[in-house]
Amino acid sequence: MPLYDSNTIKIYNTLSGEKEEFQPITSGYVGMYVCGPTVYSNVHLGNVRTFMSFDMIFRYLKHLEYKVRYVRNITDAGHLENDGDIGEDKITKKARLEAIEPMEIVQRYTVDFHNVLNTFNFLPPSIEPTATGHIIEQIELIETIIDNGFGYVVNGSVYFDVHKYNETNEYGILSKRKLEDLIHNTRALDGQSDKKNPQDFALWKRAEPTHIMRWPSPWSDGFPGWHLECTVMSTKYLGEQFDIHGGGMDLKFPHHECEIAQNKAAMGENPVNYWMHANMLELNGSRMSKSSGNYINPAELLSGKNDIMSKGFSPSVIRFFMMQASYRSVLDLTDDGLLAAEKGFNRLMESYKLIDNLKTNDTSSVDILGWKQKCYDAMNDDFNTPILIAHLFEGVKFINQIKEENTTITKEDLKILKETLTVFTFEILGLESKSNKDSGKDKLTSAVEILINLRKEARLNKDFALSDKIRDQLAEAGIQLNDSREGTTFTTN
Ligand code: AMP
Ligand code: ZN
């Protein structure tokens with residue numbers, strides 16, 4: 001029996017505003033789409049937090065033995081400044097400022113994004129599609145929306161008719177906004193005069209002569225709207241209706257609201273069953289963001305080279321810090337918080353190392369199965385990682401009590417204790433213990449050190465044939481010994 005049969009997850013669904021029992025469309029399979037980064041600059045730790053929340057969710061769904069197709073896109077065109085319909089494309093602007101090709105910008109920051117995710121031990125998504133790789137599909141979808149009467153063409157650009165859509169649908173269903181209020185609150189801006197109404201949004205924009213990233217279309221040489229790419233890529237790979245759509249809280253409106261409208265206008269269906277939104281990471285009490293300048297990049301936090309923190313922190317400590325808050329809570333990044341997380345994480349790792357040396361008994365005076373269930377219950381309750389971590393520390397308490405012989409445990413229960421800690425700490429929270437991570441390197445170092453000592457003994461015994469043999473054969477294997485007054489070290493090639 002797969003684990004998902006005995007674990008019903010409750011997910012907070014932004015659409016209903018409630019925690020709902022998770023029922024996938026196809027039993028045993030989950031389709032999940034998460035809006036990826038716009039690759040025009042280095043990701044900051046706020047971006048990392050959102051993607052980490054969905055990495056943890058992906059990991060838990062996989063652990064429950066669901067077959068998960070996780071799609072996370074790369075936005076490499078169409079995302080304009082200020083997330084609106086006017087202004088420059090974020091990538092084009094950066095390319096212009098640096099006098100290089102837009103695709104060079106895309107390449108550089110996609111590589112940076114992947115490096116950061118590797119550093120923080122993310123699992124790769126199943127598919128990572130790009131907006132520029134799906135221009136044809138986007139043009140097709142726009143044609144359908146126009147045919148269905150929800151899109152109109154002005155001067156080579158195509159806009160979504162929000163007012164027409166709202167006659168038969170509810171625009172604002174996700175973000176709980178009312179079109180009347182939106183009308184009331186929008187000022188008509190210059191440059192938006194192409195639109196019938198300021199609330200309408202671009203599906204296709206005609207490119208100005210200076211705009212480099214452009215594609216031919218039935219309406220003009222231009223580029224697709226930002227909201228459209230996610231509708232196209234999610235439904236292409238997950239179907240017209242799928243299980244989970246995620247992203248940061250700031251994408252709820254207009255981005256996700258527009259996705260729903262595009263889907264319904266084109267295909268008549270509500271695309272997503274569970275809308276999940278990760279909350280914001282703050283720095284100095286306000287939201288971390290590139291545009292405000294209030295941000296810190298992963299490399300700066302890891303190295304400690306920044307003006308905010310007292311020192312550098314390891315990827316697992318940062319991950320542990322983030323997992324100590326629910327993905328739905330705002331989290332403030334502070335030095336004190338990171339220092340406390342470092343202590344907590346080290347305590348967890350130290351205790352974990354003790355497990356193999358604990359004495360076992362004929363009976364257990366701790367309820368290990370009950371404790372294990374509590375770990376699952378925490379994750380089943382909308383992926384409540386702070387509660388899970390509290391239970392992991394209850395496991396730490398058991399370990400210390402058993403060590404001090406205040407508590408007894410059977411061999412079977414000790415095995416369950418270890419397995420449960422391993423699964424939740426490493427597999428689900430995605431943390432890495434130092435010895436776990438470096439074990440390959442450590443073993444090599446230990447083995448070479450043994451040989452270095454044997455060689456030293458051989459030389460003391462004046463057995464130079466043996467000492468040279470050790471050095472030469474290590475060299476053949478690509479390991480060079482370097483003798484100096486302080487002793488012998490080695491390098492590998
Ligand atoms: P962007 O590259 O701006 O499209 O953002 C990529 C992802 O990071 C989106 O899901 C955003 O919602 C998310 N994000 C941006 N700023 C923050 C923040 N301060 N905290 C958490 N997530 C954020
Ligand atoms: Zn998106």
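Author: A residue counts as buried when its relative accessible area is under 20%, exposed when it is over 50%, and partly exposed in between, using a 1.4 Å probe and protein chains only. On that scale, buried residues make up 50% of the 493 residues in the chain. This is a predicted model, in which local features need pLDDT of at least 70 and side-chain atom pairs count only at pLDDT 80 or more, while totals for chains, interfaces and linings use all residues. Residues are numbered from 1 along each chain as its sequence is written, chains are lettered from A and ligands numbered from 1 in the order in which they are written, and side-chain values use heavy atoms, with hydrogens and water left out.

Helices (H or I, at least four residues) and strands (E, at least two) are DSSP runs numbered from the N terminus. Both Cys35 and His255 are buried; for Cys35 the relative accessible area is 6%.

Another cysteine to check is Cys258, which is buried at 1% relative accessibility. Its closest cysteine sulfur is that of Cys230, 11 Å away and too far for a bond. The structure holds zero disulfides, a disulfide being a pair of cysteine sulfur atoms within 2.5 Å.

Now for the rest of the chain, which has 16 helices and 15 strands. Its C-alpha atoms fill a box of roughly 90 × 55 × 40 Å along the principal axes. With contact meaning heavy atoms within 4.5 Å, residues 24 or more positions apart account for 73% of the contacts with a separation of 6 or more.

Aromatic rings also form pairs. Rings of Phe, Tyr and Trp (its six-membered ring) pair if their centres lie within 6.5 Å; planes under 30 degrees apart count as stacked, over 60 as edge-to-face and the rest as tilted. This rule gives 17 aromatic pairs. In one of them, Phe160 and Tyr165 have ring centres 5.5 Å apart and planes at 65°, so the pair is edge-to-face. Phe160 and Tyr165 are both buried. Tyr376 and Phe424, with centres 4.9 Å apart and planes at 80°, are therefore edge-to-face. Tyr376 sits in helix 12 (residues 368-380) and Phe424 in helix 14, so this pair ties together parts 48 residues apart in sequence. Tyr376 and Phe424 are buried too. Elsewhere, ring pairs join Tyr4, Phe22, Tyr66 and Tyr274 into a cluster.

Helix 14 (411-428) comes up again with helix 11: the buried residues of helix 11 pack against it, and against other elements including helix 13 (385-403) and strand 13 (331-333). Among those buried residues are Leu338, Phe345 and Met349.
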